[in-house]
Amino acid sequence: MTSKLEIRSQFDLVSELTQLFCDDLKQVGFKKAFYYQLPETDINDEKKIPSLIPVKKFEGDEAHKLIINSYLDLYKKPGISSRVLKRHPGLLVLHDVDKNQLTARIQQLNKAKADFKNCILAIDNNDARFEAVHYAVPNLITLAAYRKIHFETESPYSVRFTWMHKHATKTLSKKMALAMLDKSASYSNPRMIDQHTWQSLVAQEQSRVASLNDKDKLRIRRPTRVSPQVNVRYTAQNRYHVSAALPFILINPEPDVKLGALNDYQKPESHPRKKEYDFLVDRLYLEQVTD
């Protein structure tokens with residue numbers, strides 16, 4: 001069992017390295033800085049999926065300060081949801097810096113973050129994990145402390161931003177799905193008129209899953225909130241994307257690299273490549289795997 005001392009010790013290392021990293025960013029010269037401020041989610045609205053996300057753009061010295069502060073944003077705020085993590089998309093373009101020294105600092109910090117995450121995940125039970133973390137580090141938003149800092153030292157053709165629609169997926173067997181539905185049957189559901197109606201619905205879901213072959217694979221494909229991402233391109237074939245939960249750092253690029261901006265998010269009414277899913281259990285986003 002991971003102890004409070006181990007958690008606190010590993011978190012203190014993350015905090016120390018984060019502060020050193022921020023101090024480094026205050027000292028080095030930056031060529032360009034862009035920060036895209038997203039609205040925070042009120043604790044009463046955390047279950048609402050927004051169809052519009054306005055973006056407020058900052059540049060220069062003000063953006064530089066906001067970028068540095070974003071790496072320190074790890075704690076809960078009164079009235080603000082800690083379930084819907086605030087993201088900090090931004091881009092810091094550095095020039096004439098010691099690439100090896102800064103890269104080593106970021107890699108050291110990212111490793112400390114990964115070690116902290118592994119320290120927490122070593123606790124098997126979710127409730128015990130939550131209690132242990134918040135006993136050791138009160139008001140910490142654990143997932144915020146896990147966030148990796150992304151950077152690039154090779155000069156790409158372009159660095160642009162976009163919004164990504166993701167799904168949280170989990171593969172499970174017929175037996176596992178039936179066990180999940182058995183648990184559902186014992187729950188009370190305030191959206192239903194009465195418990196009998198709820199249990200009748202679950203029974204129908206159980207019947208559909210029970211009719212499958214024991215070797216059939218199932219998958220939960222639950223949509224998650226749209227999130228900003230950074231797209232780094234070298235050529236049409238050589239490109240990658242990473243999360244924009246924290247500002248992206250571009251180290252000593254060529255002056256002609258093309259930089260994009262993050263625009264407001266507007267939920268599209270339809271998407272030409274959108275796939276219609278035939279769910280066995282709509283409320284769980286449970287589908288049969290056919291591919």
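Tutor: We start with the lysine, then move on to other charged pairs, strands and cysteines.

First, some ground rules. The model is predicted, so local features need pLDDT of at least 70 and side-chain atom pairs count only at pLDDT 80 or more, while totals for chains, interfaces and linings use all residues. Residues are numbered from 1 along each chain as its sequence is written, and side-chain values use heavy atoms, with hydrogens and water left out.

The lysine is K174. K174 sits in helix α6. Helices here are DSSP runs of H or I with at least four residues, strands are DSSP runs of E with at least two, and both are numbered from the N terminus. Is K174 buried or exposed? K174 counts as buried, at 11% relative accessibility. The cut-offs are these: buried is under 20% relative accessible area, exposed is over 50%, and partly exposed is in between, with a 1.4 Å probe and protein chains only.

What does K174 touch? Leaving out residues up to four places away in sequence, K174 touches V209, A210, L212, N213, D214, D216 and L218. Contact means heavy atoms within 4.5 Å. Take L218 from that list. K174 and L218 are 44 residues apart in sequence, yet their C-alpha atoms are 6.8 Å apart in space.

Two of the named neighbours also meet K174 through polar atoms. A polar atom of the K174 side chain lies 2.7 Å from the backbone oxygen of L212.

A salt bridge is a side-chain nitrogen of Lys or Arg within 4 Å of a carboxyl oxygen of Asp or Glu. Side chains of opposite charge can pair when their charged atoms come close. K174 is buried, whereas D214 is exposed, at 59% relative accessibility.

How many salt bridges does the structure hold? There are seven. One of them joins K77 and E40, with the closest N and O atoms 2.9 Å apart. This pair too links distant parts of the chain: K77 is in the loop between α2 (60-70) and β4 (90-94), and E40 is in the loop between β1 (30-37) and β2 (52-53), 37 residues apart. K77 is partly exposed at 36%, and E40 is partly exposed at 33%.

Another salt bridge joins R8 and D12, where the closest N and O atoms are 3.0 Å apart. Both residues lie in helix α1 (residues 4-27), four residues apart, about one turn of the helix. R8 is partly exposed at 29%, and D12 is partly exposed at 34%.

Now the strands. β4 is largely enclosed by the rest of the structure, because five of its five residues are buried. In a regular strand the side chains alternate between the two faces of the sheet. Both faces of β4 are covered: buried G90, L92 and L94 lie on one side, and buried L91 and V93 on the other. β1 and β4 run antiparallel, joined by five bridges; two strands pair if DSSP finds at least two bridges between them. F30 has L94 of β4 as its bridge partner. β4 also runs parallel to strand β11 (residues 248-251), through four bridges. There, L94 has I251 as its partner.

A further sheet is open, with four strands in the order β10-β9-β6-β12 and mixed pairing. β10 (239-243) and β12 (258-259) stand at the edges with a single partner strand each, so one side of each has no neighbour in the sheet. β9 (residues 227-233) pairs with β10 in the antiparallel sense over five bridges. R233 stands opposite R239 in β10.

Last, the cysteines. The structure holds zero disulfides; a disulfide is a pair of cysteine sulfur atoms within 2.5 Å. C22 is buried at 0% relative accessibility, and C119 is buried at 16%.

Notes:
Polar contact = N/O pair within 3.5 Å; in protein donor to acceptor, adjacent residues only side chain to side chain.
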